[in-house]
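User: I have a structure open and would like to talk through some parts of it with you. Could you keep the answers plain?
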Amino acid sequence: MKIPLRSNTTTQGRKMAGARSLWRANGMQESHFGKPVIAIVNSFSQFVPGHVHLHDVGQRIKQKIEAGGLFAAEFNTIAIDDGIAMGHQGMLYSLPSRDIIADSVEYVCNAHCVDAMVCISNCDKITPGMMMAAMRLNIPTVFVSGGPMEAGEINGRQYDLIDAMIMAGDPEVTDQTLLEIERNACPTCGSCSGMFTANSMNCLAEALGIALPGNGTVIATHKNRYRLFDKAADLITENVNKYYNEGDETVLPRSVATKNAFMNAMALDIAMGGSTNTVLHLLAVAHEAGVDFTMKDIDDLSRKVPNLCKVAPSSSYHVQDVNRAGGILSILGELDRTGILNTSVPRIDFPSLKEAIEGYDIRRDTVKKEAKELYASAPGMIRNLTMGSQNNMYKELDTDRTGGCIRDVDHAYSKDGGLAVLYGNIARHGSIVKTAGVDKALFSFSGKARVFESQEDACDAILDGKIIAGDVVVIRYEGPRGGPGMQEMLYPTSYLKSMKLDKVCALITDGRFSGGTSGLSICHVSPEAAADGEIALIRDGDIIDIDIPGRKLEVRVPDEELNQRRKDEELRGIAAFTPKNRNRIISTALKAYASMVTSADQGAVRIIPS
């Protein structure tokens, strides 16, 4: 059964003469009226290296779509570079931008009644923001990212952004050495080269079924990146026909992003030790999709999914190495061999995940030649800010599942995965730790709390030598509401490394970490301090107990004492559960965000008061 085009609202009938006049001024031809209107949702920005190369991509996709007789129109979302915004109040705006991006995509697409979307994303909040919008709109959508950055290289050793940050805080590193690292850590366009948040989310888009194989791992500078853009244009044309002309709803985002698909995507994240931010974003995307996917599901998965892959910051491997080892579909292939995945779930590019794995897992006899060519995409090894401008190819792929970049289950780094959910009397609703980045000697740790009510104060204390071995740094009132904006705390975790404290200290927070964070760093403590959470009741000197195998995070204080502390806090009246000594200017925009946002265990989604 044919489904009426949404765009008919603005292109059909006498009353829409004015709208048609404006469509003509946008470039629509007579032959386009009555045909699908495709939104090219780009995110080009010269503020973000992961987006600086996307200027011409939208028009390339537009031209390919219009060659098939449809009409395509491009617009751009905002994009914030977390690395540049980090370490100062600019980071307060990063997470809130996710919702601004989702809203802006919804606004443009619903205001103009578009029929389908191609979302060209890449970095941290852009991909999840567009995903949230896709679930709200539920029109045919294809995701295609700008691709990861190449790793930098000096004297045969690879470097990335995190190395530059850590070395900047290390007094033993000379200015000359630091400058050399700074100049080489980010050598090309693309999203930063480790398994940080941007690349994690682009990889999860593959697992979720809304992006093509290679989306998360083929480097931005390689010509094969253009192959993905062209395939995205062909696929959206095909899926628009399936939905509107054939009534096939299996190509819609909500048909693809089911509970089983979210479970598969989270299983991938745990297996590859992805960014902790992916938990926040997947929960939010599931919320928009109307899927009951919760912290409990993540906890259950974390206890049975093995850690098969460690990528920077948890190892010396980078995303380009994951690609050489067969990319995301090969990690999913290893998980499939364990029976963990549901491979019957539909995708936008294959009838099911099963067919995708059969064609793109390099260990299968059924692997396609095209897949091998895609995964052979190698770095150019020169400074390069131009998309798809080199064609270096690896002579052979990494098929070593014993000690290579991707392991099989028999040679897993650990039998339970790279992320874990911890609960306890200071994390009633849970907290997240990236176990893939934690030394196993620290899986059980107890230490004295050093409490700070801002990231800035914690950083000063670390660099001033006020944190010592055995301390647990507690940073609170940095959650979605308390920040507001839930700053990424890459600097305090990096500075612990700089001061050689990362193996003898821990850090817990109701804020979040960068995908570049490693070490015993526990985030998303929920409820957050500003939501009356128990983390607000911790005092200097309290003993914090961390038990990763037992999934516990607790303060060694009797319940009676915690209850009394709560009563004391409540006596502060309207100032209760707010920072006591923090001087931070909060804009009207951030106040509006804080008035609606939930804690991290709900994905920091906005709840509109009834």
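**Hairpin, sheet and salt bridges**

Analyst: In the hairpin that β13 and β14 make, four residues lie between the strands, and Arg551 there takes a positive phi near 60 degrees. This is a predicted model, in which local features need pLDDT of at least 70 and side-chain atom pairs count only at pLDDT 80 or more, while totals for chains, interfaces and linings use all residues. Residues are numbered from 1 along each chain as its sequence is written, and side-chain values use heavy atoms, with hydrogens and water left out.

User: In what sense do β13 and β14 pair, and over how many bridges?

Analyst: β13 and strand β14 (residues 552–555) pair in the antiparallel sense over four bridges, and Glu554 in β14 is the bridge partner of Asp545. Strands here are DSSP runs of E with at least two residues, helices are runs of H or I with at least four, and both are numbered from the N terminus; two strands pair if DSSP finds at least two bridges between them.

User: And which residues of β13 are on the covered face?

Analyst: Ile544 and Ile546 form the covered face of β13 (residues 543–547), whereas Ile543, Asp545 and Asp547 form the uncovered one. In a regular strand the side chains alternate between the two faces of the sheet. β13 also pairs with strand β9 (residues 444–452), in the antiparallel sense over five bridges, and there Ile544 is the bridge partner of Gly447.

User: Back to Arg551: which residue does it form a salt bridge with?

Analyst: Arg551 forms a salt bridge with Asp416, their closest N and O atoms being 3.6 Å apart; the term requires a side-chain nitrogen of Lys or Arg within 4 Å of a carboxyl oxygen of Asp or Glu. Asp416 lies in the loop between α18 (369–375) and β7 (420–424) and Arg551 in the loop between β13 and β14, so the pair ties together parts that are 135 residues apart in sequence.

User: Is Arg551 buried or exposed?

Analyst: Arg551 is buried, with a relative accessible area of 5%, while Asp416, at 28%, counts as partly exposed. Buried means under 20% relative accessible area, exposed over 50% and partly exposed in between, with a 1.4 Å probe and protein chains only.

User: Which side chains does Arg539 meet in salt bridges?

Analyst: Arg539 meets the side chain of Glu561 at 4.0 Å, N to O, and that of Asp568 at 4.0 Å, N to O. Asp568 is in helix α21 and Arg539 in the loop between β12 and β13, 29 residues apart. Arg539 is partly exposed at 40% relative accessibility, and Asp568 is partly exposed at 35%.

User: New topic: what is the strand order in the open sheet of four strands?

Analyst: The order is β2-β1-β3-β4, with parallel pairing. β2 (71–76) and β4 (141–145) stand at the edges with a single partner strand each, so one side of each is left without a neighbour in the sheet.

User: Which helix lies across β1, β3 and β4?

Analyst: Helix α10 (residues 224–245) lies across those strands, running at about 175 degrees to β4, where axes are lines fitted to C-alpha atoms, for helices over the stretch in contact (heavy atoms within 4.5 Å), and angles run from 0 to 180 degrees between N-to-C directions.

User: Last one: how many residues of α13 are buried?

Analyst: In α13, 12 of the 13 residues are buried, so the helix is largely enclosed by the rest of the structure. Among them are Asn277, His281 and Glu288, and Gly290, which follows α13, has a positive phi near 75 degrees.
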